[in-house]
Structures are given as structure tokens and as C-alpha cells.
Amino acid sequence: LKDAKAMVAYTQHLLRSFPPKDDKVVELLLEASELGSPEAAGTLAFFYEEGRGVSVCRKKFNEYLQLAAVRGSVFAQHTLANEEMDRGNYETALFWRETAAKMGEMTRL
């Protein structure tokens, strides 16, 4: 049995190593995301946005950000709300803002 939380925690150790082991981190994050981890999906989103251990890919950034938000990541929900506001999609932005607020956005950010 694999533990997604343990995988995500280990990625933090790998990211602090010198030099960072981004390729191994991506491998673990992909596996943890497949196991349902919202944290892994959210971190993968930002790796795709920054091109860390993977090629920059805005489409995969959005896919993993959505996945993290649907799985309950308040940070991803907040980020999606901002992304949608920037695109002028105010109803969608409001949905993600309200969803994040229901989960305690103000106390967690």
C-alpha cells in the first residue's frame, strides 16, 4: 500500500537537497496525485507553470490546478479564483472564491 502523504512529505526533503532532485520529485508527485493527493496535484501544477523538472505547460498547469481544487486544496481554489478573474470569468471566479471561503480560506492564507 502506498502512502500519498508520505510521498508528498518526502518530496519536501528532496526539494531542499542540493542540487534539488526535481525529476524524482515529479515522479513521486505524479504517483501521489494518482493516489488522490490534492497537495501533490497542486504542487505539480506549479511545477508545470515554472518548468521545474518538466517542460512548461500551461494546459497541464490548469489541469493539475483544477484537480487539486476539486480535491479540496484551498490554495488551488484561491489560485483558480484569481486565474478566472484575470480571464474575466467572474461567475467561475466567484464559485472558486466561495468554495475556498467555505473551507476556511481566510484563516489558512
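Ser-33 counts as buried because its relative accessibility is 3%, below the 20% cut-off. Its place is in helix H2, residues 22-34. Leaving aside neighbours within four places in sequence, Ser-33 is in contact with Ala-40, Ala-41, Leu-44, Tyr-64, Leu-67 and Arg-71.

This is a predicted model. The mean pLDDT of the chain is 89, and 94% of its residues reach 70 or more.

| Confidence in the chain | Helix | Residues | Mean pLDDT |
|---|---|---|---|
| Highest | H4 | 58-70 | 96 |
| Lowest | H7 | 105-108 | 49 |

Where pLDDT is low, the predicted coordinates should not be read in detail.

Next comes the core. The largest nonpolar core has 27 residues. Within it, Phe-47 and Leu-65 touch the most other members. Helices H1 (4-16), H2, H3 (38-50), H4 and H5 (74-87) each give two or more residues to this core. The largest share, seven residues, comes from H3. Not counting residues up to four places away in sequence, Leu-65 touches Ala-45, Phe-46, Ala-76, Thr-79, Leu-80 and Glu-83.

Now helix H6. H6 spans residues 90-102 and has 13 residues. From first C-alpha to last, H6 reaches 18 Å, close to the 18 Å expected at 1.5 Å a residue. Which residues of H6 are buried? They are Ala-93, Trp-96, Thr-99 and Ala-100. These four lie on the same side of H6 because they cover an arc of only 130° around the axis. The face turned away from that buried side carries the exposed residues Tyr-90, Glu-91 and Lys-102. Just after H6, Gly-104 takes a positive phi of about 95°.

Notes. Residues numbered from 1 in each chain as written. Predicted model: local features only at pLDDT ≥ 70, side-chain atom pairs only at ≥ 80, totals over all residues. Heavy atoms only, no water. Buried < 20%, exposed > 50% of the residue type's maximum accessible area, 1.4 Å probe, protein only. Contact = heavy atoms within 4.5 Å. pLDDT = per-residue confidence, 0-100. Core = buried A, V, L, I, M, F, W, Y, C linked by side-chain atoms within 4.5 Å. Expected span 1.5 Å × (residues − 1). Arc of directions from axis to C-beta.
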